[in-house]
Amino acid sequence: MGIADEVELVVTSVEIGVPKPAAEIYEHALGQLGVPATSALFVGDTFAPDYEGPRAVGMAALLIDPAASAPVPDDHRLRTIFDLPGLAAARADLERAFAE
């Protein structure tokens, strides 16, 4: 897909031994990256495990939801994974603006 260079880590539930949305799987990923939850972005396509789970541990989350059927704010929704690079850049610009 051309995004492999943008992804720092992939963690699977099989590897950790707990399914999403268990907090342990997200906490393991954060520990592997050495970053606090507030510095991480989780992207997935299933509402509870890929949106609610990461947000419950303090991570930002974006949901791939082309039908716009999940109850998430529009700015937390992607139509496709290919929307991610532009949205990530826009989000970083917004965060920098609020930090100043």
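What follows is a short chat about reading a few features of this predicted model.

Me: What should I know before I start?
Reply: This is a predicted model, where local features need pLDDT of at least 70, side-chain atom pairs count only at pLDDT 80 or more, and totals for chains, interfaces and linings use all residues. Residues are numbered from 1 along each chain as its sequence is written, and side-chain values use heavy atoms, with hydrogens and water left out.

Me: In what order do the strands form the sheet?
Reply: Strands (E, at least two residues) and helices (H or I, at least four) are DSSP runs, numbered from the N terminus. Two strands pair if DSSP finds at least two bridges between them. Here 3 strands make an open sheet in the order 1-2-3, with parallel pairing. Strand 1 and strand 3 (77-78) are at the edges with a single partner strand each, so one side of each has no neighbour in the sheet. Between strand 1 and strand 2 there are 4 bridges; one of the pairs is phenylalanine 42 with alanine 61 in strand 2.

Me: What does helix 3 touch in the sheet?
Reply: Contact means heavy atoms within 4.5 Å. Helix 3 packs on the sheet, touching strand 1 and strand 2, and its direction makes about 165° with that of strand 2. Such angles run from 0 to 180 degrees between N-to-C directions, with axes as lines fitted to C-alpha atoms, for helices over the stretch in contact. Glycine 58, with a positive phi near 95°, follows helix 3.

Me: Is aspartate 50 buried or exposed?
Reply: Buried means under 20% relative accessible area, exposed over 50%, and partly exposed in between (1.4 Å probe, protein chains only). Aspartate 50, in helix 3, counts as buried because its relative accessibility is 3%. By contrast, alanine 60 in strand 2 has 26%, so alanine 60 counts as partly exposed.

Me: Which side chain does aspartate 50 join in a polar contact?
Reply: A polar contact is a pair of N or O atoms within 3.5 Å; within protein, one must be able to donate a hydrogen and the other to accept it, and residues adjacent in sequence count only if both atoms are side-chain atoms. The partner of aspartate 50 is lysine 20, at 2.5 Å.

Me: Which residues make up the largest nonpolar core?
Reply: A nonpolar core is a set of buried Ala, Val, Leu, Ile, Met, Phe, Trp, Tyr and Cys residues joined through side-chain atoms within 4.5 Å. The largest one has 7 residues: Ile25, Tyr26, Leu30, Ala37, Ala40, Phe42 and Met59. Helix 2 gives the largest share, 3 residues. Another core, of 5 residues, lies apart from it and includes Ala61, Leu63, Ala70 and Val72.
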